[in-house]
Amino acid sequence: MILTNLRKYFFIFTYYAFIRYLPSTDTPVIGKLSRNLRRSFLRTYNSQKFAKGINIGYKVYLGQLDTVKIDYGSSLGNYFQLRSAILDIGKYVMTAEEVLVIGGGHKCDRLDIPMCEQGSLPKTTLTIEDDVWIGRRVIIIAKNYKIGKGAIIGAGSVVTKEVPPYAVVGGNPARIIRYRNSITSIDNN
């Protein structure tokens, strides 16, 4: 048990102290090497949770590493952040830069004590199914739901609820604009 914990903390320390700061994949020549080192390092940590063919960008923050599962061919863009959530990413998911996934939260029901002393809510989950495209600077509030297969989330959107399969969503809060392979858009007025 002690050796298992030491191994875990060694990997977490090494990832956050060195590996996540390797140059971006955009960097000529060394970018490909950096991508391969990040992938290999995470697969060495846990090959069951980090599949072959994944791409982890520059300065990606994944919390304790053991609350994340990323399937084959998926990519997390530079500066991706996961906070207080359990994340399960399917195959061929693309995320652009600066995507933020936020779960958990703070308790705030009592009025007789300050909110900062009421404690935290437990981590929440988010499942991103296969073939999803998430645009730049999207914020996803992870509250135990799914982003459906083939969905597209437009840049700058704030996702606060489940996204159906093949939906194209955008805005704050994100709402369905249309469905893929659909000629007409949805009128939400």
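Select C116 to begin: in this predicted model, C116 is exposed, with a relative accessible area of 70%. Its place in the exposed class follows because exposed means over 50%. For C108, the nearest cysteine sulfur is that of C116, 12 Å away, and for C116 the nearest is that of C108.

Next, colour the strands β2, β5, β8 and β11. These four form an open sheet in that order, and the pairing is parallel. Residues 68-70 make up β2 and residues 145-147 make up β11; these are the edge strands, and each pairs on one side only. From one strand to the next, the twist averages 15 degrees.

Zoom in on β2 and β5, where β5 covers residues 85-89. Three bridges join the two strands, which run parallel. Select K69 and you will find D88 of β5 standing opposite.

**T124 in β8**

Now select T124, which is in strand β8, residues 124-128. Is T124 buried or exposed? Its relative accessibility is 9%, so T124 counts as buried; the cut-off for buried is under 20%. Show what surrounds T124: leaving aside neighbours within four places in sequence, T124 is in contact with S84, A85, I86, G103, G104, A142, K143 and N144. One of these, G104, has its backbone nitrogen 3.2 Å from a polar atom of the T124 side chain.

**The sheet with β4**

Move to another set of strands: β4, β7, β10 and β13. They form an open sheet of four strands in that order, with parallel pairing. At the edges stand β4 (81-83) and β13 (158-159). Each has a single partner strand, so one side of each is left without a neighbour in the sheet. Look between β10 (residues 139-141) and β13: two bridges join these parallel strands. Select I140 to see V159 of β13 opposite.

**The loop between α1 and α2**

Select V29, in the loop between α1 (2-17) and α2 (30-45). V29 is exposed, with a relative accessible area of 81%. To see a distance here, pick the C-alpha atoms of V29 and F18: they are 11 residues apart along the chain and separated by 19 Å.

**Aromatic rings**

The last stop is the aromatic side chains, which give a count of eight aromatic pairs. Select F11 and Y45. Their ring centres are 5.4 Å apart and their planes are at 50 degrees, so the pair is tilted. F11 is in helix α1 and Y45 in helix α2, and the pair links distant parts of the chain, 34 residues apart. F11 counts as buried at 8% relative accessibility, and Y45 counts as buried at 10%.

Then select Y16 and Y61. This aromatic pair is also tilted, at 5.1 Å centre to centre with 40 degrees between the planes. Y16 lies in helix α1 and Y61 in the loop between β1 (55-56) and β2, 45 residues apart. Y16 counts as buried at 16% relative accessibility, whereas Y61 is partly exposed at 22%.

Finally, show F10, F11, F41 and Y45 together: they form one aromatic cluster.

Terms used:
Residues numbered from 1 in each chain as written. Predicted model: local features only at pLDDT ≥ 70, side-chain atom pairs only at ≥ 80, totals over all residues. Heavy atoms only, no water. Pairing = 2+ DSSP bridges. Axes fitted to C-alpha atoms, helices over the stretch in contact; angles between N-to-C directions. Disulfide = S-S within 2.5 Å. Buried < 20%, exposed > 50% of the residue type's maximum accessible area, 1.4 Å probe, protein only. Polar contact = N/O pair within 3.5 Å; in protein donor to acceptor, adjacent residues only side chain to side chain. Contact = heavy atoms within 4.5 Å. Phe/Tyr/Trp six-rings, centres within 6.5 Å; stacked < 30°, edge-to-face > 60°.
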